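Here are a few friendly notes to read alongside the structure. Take them one at a time and find each residue as you go.

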Amino acid sequence: MRILIVEDEKKMAEPLAYLLRREGYRTTLAFDGESGLFEAGAGEYDLIILDWMLPGCDGLAVLQSLRSQGIQTPVILLTAMDDLSNKVAGFEAGSDDYLVKPFAVEELLARIKALLRRRDKPQAQMEFSTEDFLFRPQQLEIETTEGERIHLTPTEGHLLELLLEHRNQVLLKETLFRRIWGYGSDSDPASVDLYVHYLRKKLPGQQIKTVRGQGYVWKE
């Protein structure tokens with residue numbers, strides 16, 4: 001597994017790369033936004049650890065550029081800013097997880113493993129068909145009945161897969177949050193609302209229904 005670390009503080013980046021190599025990961029370091037963006041676009045990485053506060057092009061701009069290019073590699077955003085508005089900005093830019101500095105290495109390792117498991121999870125069902133589109137979880141791709149192809153982020157794809165696996169069944173917001181982000185995340189259940197909003201903007205039709213005070217259901 002290849003991990004790109006984009007972090008300008010070498011005293012943090014180099015020990016982190018060493019620890020990840022001890023865990024069996026292959027790591028590449030970039031110390032500013034421009035080189036991080038180049039590496040992410042040129043190399044095939046399984047995950048990116050991206051610091052928000054980078055010289056030149058900051059982490060949020062890097063993330064937005066990657067997603068606009070269709071690069072859907074899972075991203076863990078690192079930042080010292082822990083207020084809700086910054087978390088929302090990070091998720092809106094396309095991050096899959098959000099970790100506030102300082103953090104325990106064990107927690108970062110757990111987040112990495114969770115994202116990689118999600119990406120590599122064996123697919124009990126390779127495709128989901130609805131009246132409006134075909135969803136291929138492995139490719140994180142939707143193909144509409146008109147032939148349009150829509151790409152999803154890993155978090156969007158995981159959420160859609162859970163909803164489609166349990167059609168016509170109400171999924172509690174807390175259940176969705178736990179299944180997608182896991183325990184101990186610096187995110188909060190409001191992240192589920194945000195990603196439902198993203199899916200509704202991308203998907204044809206309006207089949208994700210809100211069940212007030214409970215959660216969401218894919219209604220057919």
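1. Which residues are linked in a network of salt bridges? In this predicted model, the network joins Glu 127, Arg 136, Glu 141, Glu 143 and Arg 149. Have a look at Arg 149: its closest N and O atoms with Glu 141 are 2.7 Å apart, and a salt bridge of 3.7 Å, N to O, pairs Arg 149 with Glu 143.

2. Now see how accessible these side chains are. Arg 149 counts as partly exposed because its relative accessibility is 47%, and Glu 143, at 22%, is also partly exposed. Glu 141 has 11% relative accessibility, so this residue counts as buried, the cut-off being under 20%.

3. The structure holds twelve salt bridges. One of them joins the side chains of Arg 67 and Asp 96, at 3.0 Å from N to O. Arg 67 sits in helix 3 (residues 59-68) and Asp 96 in the loop between helix 4 (84-93) and strand 5 (97-100), so this pair ties together parts 29 residues apart in sequence. Arg 67 is buried at 12% relative accessibility, and Asp 96 is buried at 0%.

4. Next, the nonpolar residues. The largest nonpolar core has 47 residues, and Leu 50 and Leu 160 have the most contacts inside it. Helix 8 (residues 190-202) gives the largest share of this core, six residues. Apart from it lies another core of 17 residues, including Leu 99 and Leu 115.

5. Ser 129 is partly exposed, at 48% relative accessibility. Leaving out residues up to four places away in sequence, Ser 129 touches Leu 134 and Arg 167.

Notes: Residues numbered from 1 in each chain as written. Predicted model: local features only at pLDDT ≥ 70, side-chain atom pairs only at ≥ 80, totals over all residues. Heavy atoms only, no water. Core = buried A, V, L, I, M, F, W, Y, C linked by side-chain atoms within 4.5 Å. Buried < 20%, exposed > 50% of the residue type's maximum accessible area, 1.4 Å probe, protein only. Helix = DSSP H or I, 4+ residues; strand = E, 2+ residues; numbered from the N terminus. Contact = heavy atoms within 4.5 Å. Salt bridge = Lys/Arg side-chain N within 4 Å of Asp/Glu carboxyl O.
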